Amino acid sequence: MSAAHAPPFSVRRRRLQPATVVFGLAVVVLVFLIAAPVARLLVASFQATGTGGFTLHNYAVAWGRERNVAAVGNSLLYALEVTILSAVFAVPIAWGISRTNMPCKGLIRALIIGAFITPSYLGAVGWILLGGPNAGWLNKVWMALTGSSEGFMNIYSFGGLVLVTALYAFPYIFVFTSAALDLVSSEMEEAASILGAGWWRTIRRITLPLVLPAIIGGAIIVFLDTVALFGTPAIIALPSRIPVMTLVLWQFFETPIRAEAAAAYAIPLIVITLAMFSMQRLVLGRKGYVALTGKGGTRTLTPLGRYRWLVLGYALFVVGLAVILPYAALAQAAFSRAWGLGMSWANFTLENFAAVLLEATSRDTILRTFGYSAAAACAAVVLALVIAYIVTRRMVRDRGLLTLLCMAPLVIPGIVLGVAFYATYAPPPIALYGTAAILIIGYTTRFLPVAYVNAAAGVRSLNPEMEDAVRILGGGRLRALAQVVVPLLKTNLVGSWLLVFIPAARELSTALFLVSGQTRVISVMMLDLSENGSFETLAALGFVLLAATIAIVLLGYKLVGRDFMLRRS
Amino acid sequence: MQITRRGVTSGMLALGAGAIAAPAARAADDQAKLYEAAKKEGKVTWYSGYLNQPICEAVAKAFTAKYPGISVAATKTTSQVAFQRLMQDLNAGSVQADVFSSTDAAHMTDLIAKDKLVKYTPPNAAGLVPSIRDFNGGGYYRAGWVGLVTLFYNSKQVSAADSPKDWPDLTDPKWKNKIAFGSPNYSGLVGVWTVGMAEKYGWGFFEKLNKLNPLIGRSIDDAVAVLNSGERSVGICSAATALRSAAKGNPLVVNYPTSFSLADLSPAAIIKGSPSPNAAKLLIDFMAGPEYSKILTDNYEQSLRSDVPPPKGAKSLADLTLFQPTLENIEKELPGLRSKWRDLFNG
């Protein structure tokens, strides 16, 4: 796609190097992928519906109502609480897996990333089954145990909304933090310990500060993703009567459709992205976070003794909330002929799984979705790494603009972005109507920010002297990138890949605009199933996705191979 | 009017040769010509806002079986998305969809005003249930789907005797914390229901409902999941979704309200300047025919024709008291009602 838009670099031929071409190309692709649709949104937000003339009316419609402004306030508070809770879930487990001798690491990691694929609709219904005030299992158990007439939790509340969202968002922070912890050499920790610092002080003063950029990066992604989230709020916030921004936004698409007002409501959200970055700069300041110097850094695992069971217990608690409990509740539907009847042998069936796995159309849809998501993940990881390298190594001016471009797609809610993608890519001259390419491009763009933030955190942790060494020895920038940066950031890149692959596989709002009958994806199929009343099949599909993801994760980490820094004892 | 010899002769001939057979033969001839023209186009594209993708595929398959050589590319999204895509195609000057169908008739009003629809009365329309046949926007569209809004309950928690029989029964205080329904701000079908209820019972009906703390989801179908989960026990549904779920054995029972079921006739139309205008006509005709209604009833949807019986356990349109707010009324009232809904239910 980008070949046709080759950059006019011939004017600068005198210093044309392979690296310049690649970096230039990456910037051009970025403009094509992101700047074009975002610019289109910006223009639309000033256009009158129907006539297309210039107007400020859309902003008045979008922001003139107190309710709409209040919804943005709710969304920000919601996103903040989800971010904090996600960090509380993610960071201790990431530390446990990366730096201690906690048992069952592979399984916990696979389950956490497995939780991530849970479609928000399914996760939310699972939690309604668990925490519904009238019939929730946990509440029933509580009432049976305590003799109380009321349950102890109501999932239809602000707290319930935050909990359910965080349970399926914390894997972002987990993957970011693990990737960073894997790169921190134990030497510094050992030095601290030699100087008399206890383990807690070492974590607080050495380990945590070194991985702070990664934690903050993950937190920013969770925050932006939550602001733009529609699925969980539609199932939980709406019945709880909590208006959030995405719920208001969808109403602009009811007749009379005011897509322009929707653009006017969404565009200012980019400011939130800017605010996040100012905050990041404020926290990280000009401190150095170089963890990897290439001087034989190794990592030893902290032996926790009896406490390793405590860490495992915490990990199981979180995984239990995210996967084990809700899937146990969903099993009632997945293995039933009729889930409303409850569990019994007479009601047991495997037909729902047969419907998902054996029917050609649904099997094709699953394989197709994985194919599209994998393609998008590869594209996003490559692009993100190149751009992150350009920005982190200060190879261009306007780095701020480049970063903002990379980050903008995440905070703009999918339904608005879908409109812009469709308008940009579907009609001539690009004419990608109904093709697989339009979905892959859409996914790549939407989730580029995730890959970008992770790659930027990774590159920042590398000492540039290692790349300089390549160049001193006569290698080019590309060689440094391919033979030093990529191998060092191996696990980081696998993490990025998964963090694009999984959200892409479950993305609905953008996909709705871009699919055709022949390119249908899982999320759209799930919407059909839910509107069809086929919750049994929907739940079975959830199990299949969970199992497939766990398999992909286990295989993926096996392929990446042994952790090169880990010192074997 | 001049009476010519030829005119008289052909009139006599027509009378003599069977006044009924001749127009039918002509119609069949027209259809054959239409099919020939459509075959050259080879493909018809359908943007659908109703049914679901598998049902749309079944329609496509049956259509191709009847008209070999013409494939149907059906894409089901939501009505809002389908309409938005259509408008963007039209604005880009690149029409993709030959046939567009939506649960929101206001989309058609908009398209007629912009002169984007083709007038066409398909021969099969004669066999439609009268209320369906007469819903045609002056010839610009046909009903391709009927959304039927009814009451339903979870039979594990509520007995038949105790269940709500008519709309006002829902406001009985015994249903406090037990009711579930969707929102007119996210669902076209709930929107039509809201207009209908406000018209028949006034806004007070919703104020009474609100005192009972109903659980309000997005789509009308969310209530089906909520009732199956046992979290709530009575609600308002799209009859077809509840019947499909009940057919699997789920403890859901549809009560057709005694005073009236709320009908939402959902139109399909041909887009002007589309790539396959003839195949589009054939598809619109097919949607008025018996094969299409049979596919609908196989999936627990309402039959549009009197010669196709309703699915097991469901009532036919002819046996139901239906009420549909007029399109004018929906367009006039719904925006205001949505706003009042937001203020009352905060959602």
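Visitor: In which sense do strand β4 of chain B and β10(B) pair, parallel or antiparallel?
Guide: In this predicted model, β4(B), residues 117–118, pairs with β10(B) in the antiparallel sense over two bridges. Val118(B) stands opposite Ile270(B) of β10(B).

Visitor: What stands opposite Val99(B) in β10(B)?
Guide: Ile270(B) stands opposite Val99(B). Strand β3(B), residues 99–101, is joined to β10(B) by three bridges and runs antiparallel to β10(B).

Visitor: And how many bridges link β5(B) with β10(B)?
Guide: Eight bridges link them, again in the antiparallel sense, with β5(B) covering residues 141–154. Within that pairing, Ala143(B) has Pro267(B) as its bridge partner.

Visitor: What about β11(B), parallel or antiparallel to β10(B)?
Guide: Strand β11(B), residues 322–323, pairs with β10(B) in the parallel sense over two bridges. Ser261(B) has Leu322(B) as its bridge partner there.

Visitor: Turning to chain A, how do the axes of α4(A) and α26(A) cross?
Guide: The axes come within 8 Å and cross at roughly 135 degrees. The two helices are therefore oblique to each other, and the crossing is right-handed.

Visitor: Which residues make that contact?
Guide: From α4(A), they include Ala110(A), Ile113(A) and Gly114(A), and from α26(A), Leu546(A), Ile550(A) and Val553(A) are among them. The contact residues comprise nine nonpolar, three polar and no charged.

Technical notes
Residues numbered from 1 in each chain as written. Chains lettered and ligands numbered in written order. Predicted model: local features only at pLDDT ≥ 70, side-chain atom pairs only at ≥ 80, totals over all residues. Axes fitted to C-alpha atoms, helices over the stretch in contact; angles between N-to-C directions. Helix = DSSP H or I, 4+ residues; strand = E, 2+ residues; numbered from the N terminus. Parallel < 35°, antiparallel > 145°, perpendicular 65-115°, else oblique. Left-handed = near helix turned anticlockwise from the far one by under 90°. Contact = placed C-beta atoms within 7 Å. Nonpolar A, V, L, I, M, F, W, Y, C, P; charged D, E, K, R; others polar. Pairing = 2+ DSSP bridges.
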